[in-house]
Amino acid sequence: MYYGIDNKENLRVAFSDFGAEIDAIKSLPVPVTDDPNGDVREIPVEFFLIGDTIILGKALGHMGSKSLYSCLFCLIPGKALKRAGDWDDKKKYADRTIDGYIRAAQLCEPDGAKRKAQTETKRRQQSERTNSVDEAPLFHIPIPNISPPQLHIALGIGKRFYKSLEECCWKHDELNAGLTSVVNPTKEVAQLNKDI
Ligand SMILES: [Zn+2]
């Protein structure tokens, strides 16, 4: 368990030794519950990595959402993602692989101090060369086993839909009641509740 600020440097210090340990775990002994002799069976183990995109990016050694190749999972150029309406959804970009991350990291400036001293142009060239990878991944978990927290995302989107629906209802009621439009219905509701 790690308690602390989850910046890139801290995560490197806290977890850099675990990558190899996790790689070494291929199976774990699990007691066979119906075995009177108390025997154990080796069960194959598969690892998953789940976190928000910032944490996943730091764990993978990715340069972040503003980099040239901003997607953690494929090699779509960031500029192709600028406007959702312009997306070519039939065009398939190569999937990233964990080996691809490892290989790309080998093309980077090896040491953190050097990287800090990199000019913007050099950093951009490195980003082009490495598909926006600037450090070795902390864990060698296969990319299909890496996922953002889907419930968390769904809740966020759901909350925004709900808020939007609430505002539409307020605007609809105001119109029918012949009232002038309020600037922020949610704040108005909060104020009304307070006044009550
Ligand atoms: Zn992608």
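Local features were considered at pLDDT of at least 70 and side-chain atom pairs at pLDDT 80 or more, whereas totals for chains, interfaces and linings use all residues. Residues are numbered from 1 along each chain as its sequence is written.

The protein chain has an average pLDDT (the predictor's confidence in each residue, from 0 to 100) of 84, and 88% of the residues score at least 70. Among the elements, mean pLDDT is highest in helix H4 (residues 98-105), at 96, and lowest in helix H5 (residues 112-117), at 57. Where pLDDT is low, the predicted coordinates should not be read in detail.

The secondary structure comprises 8 helices and 4 strands, taken as DSSP runs numbered from the N terminus (helices, H or I, at least four residues; strands, E, at least two). Strands E1 (residues 27-31) and E2 (residues 40-44) pair in the antiparallel sense over 5 bridges, pairing being defined by at least two DSSP bridges. Within this pair, Pro29 has Glu42 of E2 as its bridge partner. E1 lies largely in the open, because 0 of its 5 residues are buried (20 or more other C-beta atoms within 10 Å of the residue's own, with C-beta atoms placed from the backbone).

Buried residues account for 12% of the 196 residues in the chain.
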